[in-house]
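Take a look at the sequence and structure, then read on.

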Amino acid sequence: MGIMTRETAAALISNTLPQLTPGDHITFAFQGGEPGLAGLDFFMFFIDKVKKSTPPRVKVDYAMQTNGLMIDDNWCNFFKKNKFLIGLSLDGDLALHNQNRMDSIGKGTFSRVMKAKKMLDQHNVMYNILCVLTQESARRAKRIWDFILQEKISHIQFIPCMEPLGENPKEGPALTSDRFYRFYSTLFPLWKKEAERGNIVSIRLFEDLASLFLAGQPVTCGISGSCTPQIIVEADGGVYPCDFYVLDEHQVSDLTTHSLEEVFNAVVKSSFLKEQRRPLPGCEKCQHNRWCKGGCKRMARAVYGEGCGMRLFLDERLGELLAVYRLILRQSQ
């Protein structure tokens with residue numbers, strides 16, 4: 001849908017912030033495509049408009065998911081000044097990253113992304129690494145872990161590579177649940193060994209599971225089998241309930257013409273969130289089904305599909321994982 005105009009951004013902000021009250025907390029998270037293509041001037045305009053529109057004692061946070069190719073000192077200064085949390089796409093070491101991350105002329109982008117990472121470090125910008133887990137890279141858990149330690153990566157999220165919507169499963173880069181299990185089964189003991197030494201690398205799945213089982217709080221949408229209300233806004237202001245399903249048939253509102261309250265109510269009442277799901281094969285007999293309920297429907301093949309990689313991992317490692325996090329919690333008190 002292209003790049004959001006300033007007019008659309010201004011309308012979005014005007015229909016959002018004035019409705020908030022003291023104590024409220026809102027996060028504007030930018031992703032694409034590549035959100036940096038909108039240009040630094042656009043983001044400076046957006047921040048300025050937010051500052052002028054935010055009611056007293058309302059907390060505003062910002063995040064951006066980026067491939068890092070446009071990051072320079074000016075961007076880093078802007079991120080630091082406005083306390084952005086950056087999600088930097090980096091799919092492992094040089095060979096793994098360059099398998100699928102090439103620029104417009106077919107050249108691998110690893111060196112440019114690593115330069116961006118170094119600049120974020122130098123400017124003390126908060127960031128997480130976003131690593132797409134393909135069928136091929138999932139075979140390289142030890143190699144990826146060595147890279148994490150070598151580059152002193154403190155926070156990383158592995159994002160399953162999924163087949164395009166509507167396409168039948170076929171051989172290719174899309175992750176399968178068996179490979180998901182094998183990756184995490186290999187990664188876990190490596191992570192545990194470092195954690196017990198005091199070097200705790202934040203791996204999103206492990207933290208999500210610890211939060212769910214130790215605090216009863218599902219953090220990631222879909223991990224407990226239901227879709228949580230989300231307000232996904234496209235460049236034209238159209239609103240969707242899930243960033244995996246930004247399709248015409250799922251548009252529920254428009255944030256340039258409706259208030260935040262109206263948009264949220266439209267999301268909550270959407271047929272997408274109310275859709276009944278058929279249990280996946282094996283779910284009914286699984287001991288984890290009472291909380292998992294088949295997980296995120298978009299990740300059915302990549303995580304919960306034939307054989308269910310999530311079930312295999314939990315059966316094998318959940319007790320150990322929770323024991324490590326209990327230790328971490330005790331040491332932090």
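## Terms and model

A residue counts as buried under 20% relative accessible area, exposed over 50%, and partly exposed in between (1.4 Å probe, protein chains only). This is a predicted model, where local features need pLDDT of at least 70, side-chain atom pairs count only at pLDDT 80 or more, and totals for chains, interfaces and linings use all residues. Residues are numbered from 1 along each chain as its sequence is written, and side-chain values use heavy atoms, leaving out hydrogens and water.

Lysine 83 is exposed, at 63% relative accessibility. Lysine 83 sits in the loop between α3 (73-81) and β3 (84-89); helices (H or I, at least four residues) and strands (E, at least two) are DSSP runs, numbered from the N terminus. Its phi is near 55°, a positive value in a residue other than glycine.

Asparagine 124 also has phi near 55°. Its loop runs between α5 (110-122) and β4, and asparagine 124 is exposed, with a relative accessible area of 54%.

## A cis peptide bond

Which form does the peptide bond from glycine 32 to glycine 33 take? The bond is cis, with omega near 5°. Glycine 33 belongs to the loop between β1 (25-30) and α2 (40-53).

## Lining of the largest cavity

The largest share, three residues, comes from α6.
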